[in-house]
Amino acid sequence: SQWKATVGARHPNYASTLNNWAIWHANAGRADSAEALYREAVAIDREVLGRDSPSLGSRLSNLGRLALDQGRYAAAAEWLDEAVELLARADGPDLRYAAALTNHGQLAFHQGEWDLAEERLRAGRAVFAELHGDPSLYTAASDAYLARVSAARGEAREAEHLFAGAR
């Protein structure tokens, strides 16, 4: 690739390009190639930026989301746990942290862990609200996810309230 030729194969900008390419592959339904690209970006970040890099956390969250979308919950949990832990130590809440919390909350939802799902989704929503205001597209999406948790618990009124606020 042009980036690889320009900056080298072990450069954060190349890792960023791989991550963006992985997103494209995932959106195109090419999960296997997306995972390989995410894994390569993660390896570069670990080597070049270190284990505390927010970029690494973001890429781990993306990798976890991909596994979640495939129903590979054990792999998703491994990557999302690491992403949330790493991003929680960063210099303050940001969009990457909120996304990792939301991804982790969705994983917990799919595993039937309603309390953890709600905790993570509410934490992600709070960061989104802090960064983008409330209401915003981000908080509306969070409310829709929280409504699914309420519905799964049989809390119809709360689910309806959250869904109404999300639209």
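In which helix does Tyr138 lie? Tyr138 lies in helix α8, where helices (H or I, at least four residues) are DSSP runs numbered from the N terminus.

This is a predicted model, in which local features need pLDDT of at least 70 and side-chain atom pairs count only at pLDDT 80 or more, while totals for chains, interfaces and linings use all residues. Residues are numbered from 1 along each chain as its sequence is written, and side-chain values use heavy atoms, with hydrogens and water left out.

A pair of aromatic rings is described by the distance of the centres and the angle of the planes. Rings of Phe, Tyr and Trp (its six-membered ring) pair if their centres lie within 6.5 Å, and planes under 30 degrees apart count as stacked, over 60 as edge-to-face and the rest as tilted. A search of the whole structure finds two aromatic pairs, which are set out here.

| Pair | Centre to centre | Angle of planes | Class |
|---|---|---|---|
| Phe109 and Trp114 | 5.4 Å | 50° | tilted |
| Phe128 and Tyr138 | 5.0 Å | 20° | stacked |

The pair of Phe128 and Tyr138 links distant parts of the chain, since Phe128 belongs to helix α7 (residues 114-132) and Tyr138 to helix α8 (residues 137-152), 10 residues apart.

Buried means under 20% relative accessible area, exposed over 50% and partly exposed in between (1.4 Å probe, protein chains only). Phe109 counts as buried at 15%, whereas Trp114 is partly exposed at 28%. Likewise, Phe128 is buried at 6%, whereas Tyr138 is partly exposed at 34%.

Terms used. Helices (H or I, at least four residues) and strands (E, at least two) are DSSP runs, numbered from the N terminus.
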